[in-house]
Amino acid sequence: MKTDVILFMGEGKVEIGSDEVSEPKDGELLIEAEATLISSGTEMICLDRKFEKGTSWDSWVQYPFRPGYSHAGRVRKVGANVAGFAEGDRVFTRLHHARHVIAKAADAVKVPASVDGESAAWSGLAKIVQVGVRRAEHKLGDAVVVIGMGPLGQLAVRYIRLLGPRELVAVDPVEGRLALAKKGGATVALAKPVADCIADLKALTNGALADVVYDVTGNAKVLAPALSLVRKLGTFVLVGDTGFPSGQCISDRLLVKGIRLVGAHDGLPPREASPQEPWSHKAMMELFLRYLERGQMSVKDLVTHRFPFARAAEAFSLLRERRGETMGVVLTWAKA
């Protein structure tokens, strides 16, 4: 069967192509898309090749490239030896932007009936952020700073709010993004350069600074000045992956203050849960969907733009030219 798929054909070139999708084999599902979410940071780095030679990005991004890893859809066919799934079930998978995909049933996550497809499509990004939140090892009453209020930063604020921080400070130059962060649980919003936030943070913490600081900007230049916001023996969390790691520099504050520097990457959780590592990839996404189902979290307000898949090139142009006006950019796959 032929199906529609979004392809990056070269630097800056987006096309609608065609893939051949087979019948689901043993242990597989055929899934038809409802909505896919553009991971604006990752996918724009891939599309515009905004990375250094020799990095993991350089070896990963080869054209034609199938972007995307946030696919919410409905099961259309079930392969042999699949338990727990039936035709018509709504599921999330970490697969690319396409009308139909074949997924291993073991990797699919059921979407609760009360959770809409656009919200479910955030499950992949939400899992990435959850990796960072877990690695931060928060304590009740922490003072927390999140730098960068793009999609990952917004999700970080929503997770951290559930953990009971005494202060949750959002930092971003775009006022509209800060307004979303306040709605999501930030107690303070600062539209300032990172280096100019120290006085505000000292005032909020009686001079103690932050227990935990997150950098979710993807900007290599943020790390060094952001270390100034962390208290002695505090924690700094890097979420995501810059395309220019050679530009990331630590300052003497890391050593002098004994700061714990933590990396949080998509690939860190185990594939299968175990008594030693209960929070697998799948378990984290299921938790996020449960939060949505219960109303403990919401991402509906984070969707700012919707495009039918046939206008994908327009969606990516918007992200390139007017990124500050966007947050969640969803591609819809309803048949005309």
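**Stop 1: a pocket**

Select β6 (100-104) and α10 (281-294): each supplies at least two residues of the lining of the second largest pocket. Helices (H or I, at least four residues) and strands (E, at least two) are DSSP runs, numbered from the N terminus. The largest share of this lining, three residues, comes from α10.

The model is predicted, so local features need pLDDT of at least 70 and side-chain atom pairs count only at pLDDT 80 or more, while totals for chains, interfaces and linings use all residues. Residues are numbered from 1 along each chain as its sequence is written, and side-chain values use heavy atoms, with hydrogens and water left out.

The second largest pocket has a volume of about 370 Å³. Now select R94, D107, R271, H281 and M285: of the 16 lining residues, these are the closest to the centre of the second largest pocket. A pocket is an open set of points on a 1 Å grid over the protein atoms alone, with protein on both sides within 12 Å along at least five of seven lines; lining residues have an atom within 4 Å of a point. Points are joined across faces, edges and corners, and a volume is the space filled by probe spheres set on them.

Colour the lining of the second largest pocket by class: five residues are nonpolar, three polar and eight charged. Here Ala, Val, Leu, Ile, Met, Phe, Trp, Tyr, Cys and Pro count as nonpolar, Asp, Glu, Lys and Arg as charged, and the others, Gly among them, as polar.

**Stop 2: the sheet**

Show the strands β10-β9-β8-β11-β12-β13. In that order, these six form an open sheet with parallel pairing. The edges are β10 (188-190) and β13 (260-264), each pairing on one side only. Neighbouring strands of this sheet are turned by 20 degrees against each other on average, direction ignored. Two strands pair if DSSP finds at least two bridges between them.

Zoom in on β11 and β12, which run parallel and are joined by five bridges. Select A210: its bridge partner in β12 is V230.

Axes are lines fitted to C-alpha atoms, for helices over the stretch in contact, and angles run from 0 to 180 degrees between N-to-C directions.

**Stop 3: a cavity**

How many cavities of 30 Å³ or more are there? The count comes to one. A cavity is a set of grid points where a 1.4 Å probe fits but cannot get out. About 40 Å³ of space lies in the largest cavity. Select V145, V169, V171, L190, C197, L201, L204 and L229, which line the largest cavity. By class, this lining has eight nonpolar, no polar and no charged residues. Both β9 and α7 supply at least two of the lining residues.

**Stop 4: backbone details**

Select Y63 and P64: the peptide bond between them is cis, with omega near -5 degrees. P64 sits in the loop between α2 (56-60) and β4 (71-78).

Move to N206, in the loop between α7 (198-204) and β11 (210-215). N206 is not a glycine, yet its phi is positive, about 55 degrees.

Finish at L233, in strand β12 (residues 230-239). Its phi is near 65 degrees, a positive value in a residue other than glycine.
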